[in-house]
Structures are given as structure tokens and as C-alpha cells.
Amino acid sequence: MRNTISALLLGTAMVLSVAGVASADDKTVKVGVLSDQSGLYADLAGPGSTLAAQMAIEDSGLKAKGWTIDLISGDHQNKPDIGTTIARQWFDVDKVDTIVDVPNSGVALAVNNVVKEKNGVYINSGAATSDLTNAQCTPNTVHWTYDTYMLAHATGQALVKAGGDTWFFLTADYAFGAALERDTTAVITANGGKVVGGVKHPLNTADFSSFLLQAQASKAKIIGLANAGGDTTNSIKQAAEFGIVKGGQKLAALLLFLTDVKAIGLETAQGLNFTETFYWDLNDKTRAFSKRFSEKMKSGAPPTMVQAGVYAGLTHYFKALEALGGNPHDGAKVVAKMKTIPTDDPLFGKGEVEANGRVTHDAYLFEVKKPSESKGPWDFYKLVGTVPGNQAFTPLDKSTCALLKK
Amino acid sequence: MQALYAQLLVGLINGSFYALLSLGLAVIFGMLNIINFAHGALYMMGAFVAYFLLNLGGINYWWALLIAPILVGIFGMILERTMLQWLAGLDHLYGLLLTFGIALIVQGVFQNYFGSSGLPYSIPDQLKGGVNLGFMFLPIYRGWVVIFSLVVCLATWFLIEKTQLGAYLRAATENPTLVRAFGINVPRMITLTYGLGVGLAALAGVLSAPINQVRPLMGADLIIVVFAVVVIGGMGSIMGSIITGFALGVIEGLTKYFYPEASNTVVFVLMVVVLLVKPTGLTGRAA
């Protein structure tokens, strides 16, 4: 069935490509939003990311200056093979310049190679793995929003320092989970804590009771959830059912999105500590953007940090293109330009694109509000701390990116 | 050892869902000869109906256990009347494709309106909390699921295998023309049977709403495993599907303990083995 769908998608893409014959005008840009459009990450990225990309194009004002910017989107279905097929199709046939979003670290790393091979631009917002700007960095990749290093350091460090020195991991069994567990373990041991055990569960698991029982039996003070999306919401919900938090163990949702909190409900989610780099209710600018965004969303949801990252990343990309005076259709050249301009956008504030492709911006420690504290349908977070951009992400001297060794 | 007991019990809980769902599939296959791929979507609808009843109508879990299966059952009977009945006597493939299409449409519609991450549904107050069994902390709600689904499974088995109505049903499957000659309205019985199978799926949906998220894809994720359960148990065998459902839940639970990475695949490995050794399934009759 999936194959049929992807065949249909490819067919559609081919038809589209015939319509969009590449022109010699160098003020044309084609952006492809490659995301999980229907699976477990569709709410935190998916159609909302496409909307964010549209808004970035509109807000850039480039169209009024004679630019032609096209947008297409695709569904990678959380499968690396489908993701790379679409990416190749986009570069070879559709003449796409830039691929954005790409949640799911497994798919993101696979697409990373294709973008480098085709010398495109890769603005990743949805994937977590810090490998994108370390061992697997490329001159074509810019990683916005978050990564496993940031999550591990912000949340992990705060919890260990608060006395949570023994950990048990529930880890999603693919690239992302492994990277998050690895990065968090490094933080725990560096701060004097200990990992007493862990279990790897398959992606998209409905029932966590077996794993939770093992976590309970481990007597670890903190149960680290190195998973995302539906897996995280199910773990948290079922942990409440098994009396894990009441029994004195604490849950650490290493990666939690706004849409996850909505799905769990404040009743169960209250008091959880976690890190994000964007929240719709941070300041006037984020509120103004989120209002425009949610009016266009079918569900009325405000943007998640991944969707905000798509907007911010493209906004910066357009700035670089404008500075270049035209689109050279040379990914490495555009990304090099992006690295020379400081980032500044209404959603993430000021920051920079580092030499390894990592974008630095502030990260925020949040706590989920009690139901009584919430004043609206999406009023979920209390800000409890801010980690400045230059401390939140991998320091350049610790990055293993080969681009830095020149 | 304690951990082992705990995993066995957890396996039984998951087995309850497998049993309820595979039972519905077995009833529908046994009586209508339709491989009902829409089962997962109907299970999901059961959970959504419970959510709507609570959030729009203020109707609690207990009533939802009754109302949701009836409403979804009626939806199923409409499907049967308007579409499935025309496929009677055709190859299984037609029913499979039609119900698969229905499942995709229903899931697509729900996903369009409710997204993919799901909606919260909390455990009813009476079943909150848990008991410490010494070897594990058993949430009361999970215990309730095991007992309730066991009762429902056995009642369904009794209805079909031991009552007059069940006898008519089985006879109508064997030889519809002859049974009709006795003055029994066979098409209506078939419609009701489909409604019953669908109702069982919706009931499982309501039971699972407080444990899992109420998500459009909750059924799609589960249905493949349930089909494997039915294949292992033997298509159309009522008791076989109940026993296999519970047994596979336990086996899956043990896998989660000993080698969690394989917990997604163990059921399918078993299915392959069973198909190689006994293609009709463990308790199945030869077709």
C-alpha cells in the first residue's frame, strides 16, 4: 500500500515537473518541504511545516522584488528509502534548490547524503540527531531548532543537578533514540550521575507497560524518555497509570512538543520539565506570528518549535539569497553565505550559523502548567529557565565535524 | 522471577485486546466469509465515539461501553447493507480490498480533522489507582480490561456455539438456501452478525481509550498484529481466536522482557512458523 502511495506521489511529482520547466532566470527558487505528513510526527511537523514555509515565502517580500519562489511538499512516511527517493526526484527532475524540515533522524541523515551529493541546500528543523553537525556534517547542511546535544545538556544537566543521579532509559530503537541516549548519558556521567539500565523499544509502540515495569524495577530516580511524538505521550500516560511518578521516580521527557502536551492532557502532563527553543507565548513577536499561523491551521494549533524552525530557517535562507543578488543554484555557496550573516528572526531571536552548520539560539527550560493555571486551549508552559544560545549547543572545539579541521 | 510474573500479567492485558479484536474478525469471517480489513478503523471509531460522548455529551465511560459499540455497530450494518452484501459469493480478495478501502477513507477523514497525535481520555474515577500485588503494581483499570474482555469473549463464544440463535447462524453459513427455506431471514442475520463483530471492535476501542491515546491511526497500528493472531489461531475459529489472542499477548510480553527489540516482530515470526507447519492455523478447519 505504502509503495502504491509513493508511486502515486512520484507520478504526481513527475507531472508537476513537466509543468515547471526550469528557466534560466536566476531569481527562481524552488523549496521542498519533506516531512512526515501522516504518521506520528505529522502534528509537530507535517502540514504545519508546509504552512510555515509558505508564510516564510510571503513574509520574505522577495516576490515583490521579482523573485519566483515555488514550494512543493512530500511525505517521507518515516522511511529513509522513501525520503531519499523523493529527495533525488526533487533534485534531478523538479530542480528543487532547498529541502527543509525532515523530521525523523533516520530519514534526516539519509537525506543529508543526497543533498550533499546533489549540492543542494538542506535546512533541517525537524530532526534531533546532533550527528548532522558533527560526524556527518556537510557544507550543504544547516540545522535549526534543536538537537540531541542541546536536549541532553539543558534537561539532563538540570535534572542531575537537582539530585536525579540515577537514570533508566526508555529509548526509541533508531538513530534518534540512540543519539539522544548517548548524548544524555555523557551529561549524566560528567555530572556525577549513573545510568543503571535501559531498554530499547521499537518506533511507534502502543503499549509501554512491559518497559515501564522494568524501569520501575530498576529503582532509578529518573526515567529518561529518549523517544518522541506518540511514543513519548504513550510512555507518560502509561507511567501515570502504573503509579511511577507517585512511587517517587521522576520522568524526564527529553523531547516533548507542544502537540504532545495537548495529546497527553494537562492533568497527566503537569509538572513535567523539558526543553524547547520556541513557544508561541514567549513574547509579542512569537504571539503575533502564532496568531497568524493558527488562523491558517485547520486544527487551530499554534506552531511547534519544529514548524517555527522551518519558518526561521527559510527566512534566513532568503536573506542569504538576496545578499547574493540571485540564486546561484549552488548549495554550498548559499550555505556559506548563510554562515556569514548573523541570524535574526522574530521567532528565535538573534544567533548565528556556525561553521559546522549548527544554528545557535536560546533554549528554554519549561514546566507544564497545572490545569488550574492554564488560561486557554494552548496555554501549557511556564518558563523556568533560559540557556543562552552560545551555551546550549555543541561547542565548536568539541564538534567532530570535518569542516572544522581545515 | 517476580519480573517474569509481571510480564506475564502485562501480556495478558495486551492479549485481551488481541482476543477481542480477533474474535470479531473470526465471527465476521466465519459467518460472512469476509476478511474485514476495516476492523482497525472501526476499533478506532469506538474510541472516538467514547471521546465524543464524554466531551460533547458529558456521557461517562460506563455508558460509552454500551453506546459506542451500538453506534459503531449500526455504522457497520449500514456498510454491510450498502456495500458488503453485494460481494457475497465472490472471491475473498474483493471483500478484503473493499474493507481496506473503507478503512483508509475512515482513517483519512479522522486524521484530517483530529491530526495524528491524538486526544486524551482519562480513566474513569472508579477504576483509578492500582494495587500492589507484591511482584508488580497493577493498575486497577488494566485488571478490569482483562476480566471484562474475558467475559465478553466467552459470552460471544457461548452465543455462537451454544445457543439456538448461534445454531441458525452457523447453519446459515453452511447452507443459506436451505436455512432460508425454513423461513429464517438469512440476510438480516448476516447483517446483525456483521454488526456484532463490528460492535466487538468498537468495544475494544472504548476499553483502550484510557490506556492509549485516542488516535486516528490506533487501529491501523494494531490491526496487522491482530490479523497475524487470526491467521495463527485459524481463520473463522471462535475459541481459537480467543485463546490465540491471549497467548500471543503473553508471548509478546515475554519478548519485551527478554529481547525488546524483537517485540514488534515476534508475532509475525510465529505466524510464518505456524503457516509452514499447519497452514490452517492452530485450531482452524481445512477450507
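I began with helix α5 (residues 140-162) of chain B and helix α6 (residues 164-174) of chain B, which pack at an angle of about 65 degrees. Their axes lie 5 Å apart in this predicted model. I record α5(B) as roughly perpendicular to α6(B), because angles of 65 to 115 degrees count as such.

I then listed the residues that make this contact. From α5(B) they are Leu159(B), Ile160(B), Glu161(B) and Lys162(B). From α6(B) they are Leu165(B), Gly166(B) and Leu169(B). Sorted by class, the contact of α5(B) with α6(B) has four nonpolar, one polar and two charged residues.

Next I turned to the two chains. I found 32 residues of chain B in contact with 34 residues of chain A. On the side of chain B that touches chain A, at least two residues each come from α1 (2-32), β2 (137-139), α9 (218-233) and α10 (238-258) of chain B. I noted that α1(B) gives the largest share of that side, namely six residues. The class count for the side of chain B that touches chain A is 14 nonpolar, 14 polar and four charged residues.

Last, I checked confidence in chain A. The average pLDDT of chain A is 90, and 94% of its residues score at least 70. Where does pLDDT stay under 50 in chain A? I located this at residues 14-24 of chain A. For that stretch of chain A, the model has nine contacts beyond four places in sequence.

Notes:
Residues are numbered from 1 along each chain as its sequence is written. Chains are lettered from A and ligands numbered from 1 in the order in which they are written. This is a predicted model: local features need pLDDT of at least 70, side-chain atom pairs count only at pLDDT 80 or more; totals for chains, interfaces and linings use all residues. pLDDT is the predictor's confidence in each residue, from 0 to 100. Two residues are in contact if their C-beta atoms, placed from the backbone, lie within 7 Å. Helices (H or I, at least four residues) and strands (E, at least two) are DSSP runs, numbered from the N terminus. Ala, Val, Leu, Ile, Met, Phe, Trp, Tyr, Cys and Pro count as nonpolar, Asp, Glu, Lys and Arg as charged, and the others, Gly among them, as polar. Axes are lines fitted to C-alpha atoms, for helices over the stretch in contact, and angles run from 0 to 180 degrees between N-to-C directions. Angles under 35 degrees count as roughly parallel, over 145 as roughly antiparallel, 65 to 115 as roughly perpendicular and the rest as oblique.
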